[in-house]
Amino acid sequence: MGITELRQLATPSAKQADAPDSIGAQLVRQGAISRTDIVLAGMVRAHCDASIDDILKAEGLIDEDVLLAAHAARLKTRTVDREAVAALASRPGELPPGLMLRQALLPVSDRDGMPAIVTHAPGPAQQADGARILIAPRTLIQDEIAARHRTALTDAAQTRVSAEESCRTWGNAFHRRIAVTIALIAMLTTLTVTFPSVMFAIVALWASATLAVSILLKLAAFLASLSSEIPSIHPDRLRDVGPPLPKVSIIVPLFRETEIAHHLIARLQRLTYPKCLLDVILVLEEEDALTRRTLAQIDLPPWMRAVIVPNGQPRTKPRAMNYALDFCAGDIIGIFDAEDAPDPDQITIIARRFQHVSEDVVCLQGVLDYYNPRQNWLARCFTIEYATWFRVMLPGMAKLGFAIPLGGTTLYFRRDALERLGGWDSHNVTEDADLGFRLARHGMRTEMVATVTAEEANCRVWPWIKQRSRWLKGYMTTYLVHMRRPALLYRQLGTWKFLGFHAHFMVALSQLLLAPILWSFWLFLLGLPHPLDPMVSRSVLNVVGSLFLTAEILSIVIHAAAVNRHGYRHLLPWVPTMHVYATLGAVAAYKALYELVVNPFFWEKTTHGVSLPVTSAQESLEGLSDDRADFP
């Protein structure tokens, strides 16, 4: 609820922020705002955990320079510009850089050597320090802190996660990885040449075993999803009065996103969450001058700002988010991608849900859809896959009590829990899946929420393969990292989640890498000779062939169920072609396996903004949002 809505609700009994020494009273005395505006801002504050400063700026009632000057006049101090702040020396024994960034305050020695604190919003805590207060814009203060502590903050972004739970140590073992890989290839080649039938039989046995696990997992998740209900809040209840809404920071990593930058800003401005509680951080790489120039040409609202990540390695999305985390002001941290078009009410849904769940639920995962499913065959299949994953498999796995891998966007965390975990592993190229299992290992839970974000389906074959190979490389990395100490993983997850962890990765990786072996059973089903004929009886082949056919039929049923709802039914005729679509995944899996050895930290960039203009994207999103009643 903003100032506009409250103008009609103001009453003489409204809580006022007009004490003689308050910033509101100072602004009124200066004639910068009216007394009515302060009354209305106080009413907003009763429902929002926001400062009067943020409310007035978000509602466009005051310019930041005027506000800062009023703070200086109230405290009988001065404002300082960028050059003046840079000239002030840091105080010995100052606060940790991360804490200074979050609070946007910089302890310095003033021109006369007296201790001082540079801040944008002086409060009792800063004044109690006894130091002189100097006033400057928040972004200026954070930029100065980042410049003074560049090395420490850059190193922290790369190493926030403990070494035991990170894959970063692999960078020191390149030659060993190559040597081990060459030895394994040589051994497997020798065995295959010497015992071709036996080796084929062993691999086929493993492929069949993981296929059986895949059938059980899919069937169990599908049946569980039928009886599960993704928590949601009816749109009519989003405006109900409840506990004050919290501050929410949204991190949006951008890298070479000039084509979609304007669309992104327009989509974020459609969010209905009180702007005084929104803190949107556009995270840019230092070397990405083109995107920085593009954003510089856009007049960003006061609740949206850019943060520049210093050059460093690896250049990955999780490293950028780790760096940006300290700049966030919110108690809830959300993640969007550059091409995202979120449900306008999404953050309100998330904030209210966090107020109702238990403290061990530290992450809320929204549902991802695509806004260009009609573009071509690949986009249709990608949409079918996402509908199945986010509306059937993930809700089903959560209902079964398994730990679930997270999606890379429409994720929201309790900030304190995220910081305790160390944020994201900056070296893992599928940081979302890794974080999902780290949450579970530390006794924390993730819950699915019925709110939709539309993305752009990757609809070109080679870019699709590159994107999927990155995801699968990260899956391989995640499995190997968490299996460093299997006994510890077992104790942390417990028996059920430990089994689910292995089942998930066996299905995800083995089925793709061994797909050519499984496809060979089409020969048997079509009555053609099979490579296992000399070694295995026909009755055994009948069992394996039936297992393969069952898996194919089950996949069709689940895919069809996932898209048999409003806004998706046009995809039903394309469901049988998912078997052809799966061949691309096998190609991506072998590319991922190769990169895991030679370049494990390389981030394969996906190009966004090639499909639809923002208006079409939003129209598609609105159609998908109408589907909320059909969850899961």
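Author: A crossing is right-handed if the near helix is turned clockwise from the far one by less than a right angle, and left-handed if anticlockwise. By that rule, helix 10 passes helix 15 in a right-handed crossing. Helices here are DSSP runs of H or I with at least four residues; strands are E runs of at least two, and both are numbered from the N terminus.

The model is predicted: local features need pLDDT of at least 70, side-chain atom pairs count only at pLDDT 80 or more, and totals for chains, interfaces and linings use all residues. Residues are numbered from 1 along each chain as its sequence is written, and side-chain values use heavy atoms, without hydrogens or water.

Helix 10 spans residues 150-159 and helix 15 spans residues 317-325. Their axes (lines fitted to C-alpha atoms over the stretch in contact; angles run from 0 to 180 degrees between N-to-C directions) come within 8 Å. The crossing angle is roughly 125°. Helix 10 brings Leu153, Thr154, Ala157 and Gln158 to the contact (heavy atoms within 4.5 Å). Helix 15 answers with Arg319, Asn322 and Tyr323.

Pro314 lies in the loop between strand 7 (304-309) and helix 15. A cis peptide bond joins Pro314 to Gln313, with omega about -5°.

Now the second pair. Helix 20 (residues 461-482) and helix 21 (residues 486-513) have axes 11 Å apart. They pack at about 145°, and their crossing is left-handed. Helix 20 contributes Leu472, Tyr475, Met476, Thr478, Tyr479 and His482. They meet a set in helix 21 that includes Leu489, Phe501, His502, Phe505 and Leu513.

Trp464 and Trp471 both touch Phe382. Phe382 also touches Tyr370, Ala457, Asn458, Gln467, Arg468 and Tyr581, leaving aside residues up to four places away in sequence. Phe382 and Trp464 are among the residues with the most contacts inside the largest nonpolar core, as are Phe390, Val563 and Tyr581. That core (buried Ala, Val, Leu, Ile, Met, Phe, Trp, Tyr and Cys joined through side-chain atoms within 4.5 Å) has 73 residues. Helix 17 (residues 377-399) gives the most to it, with 12 residues. A second, separate core of 52 residues includes Ile23, Ala50, Phe354 and Tyr412.

Strand 8 (residues 332-335) pairs with strand 11 (pairing takes at least two DSSP bridges) in the antiparallel sense over 4 bridges. Strand 10 (residues 361-370) also runs antiparallel to strand 11, joined by 3 bridges.

Strand 2 (residues 105-109) and strand 3 (residues 115-119) pair antiparallel over 5 bridges, with Leu106 opposite Val118.

Ala104 sits in the loop between helix 7 (97-103) and strand 2. Its phi is positive, about 50°, although Ala104 is not a glycine. Ala104 counts as buried because its relative accessibility is 0%.

How values were computed. Buried means under 20% relative accessible area, exposed over 50%, partly exposed in between (1.4 Å probe, protein chains only).
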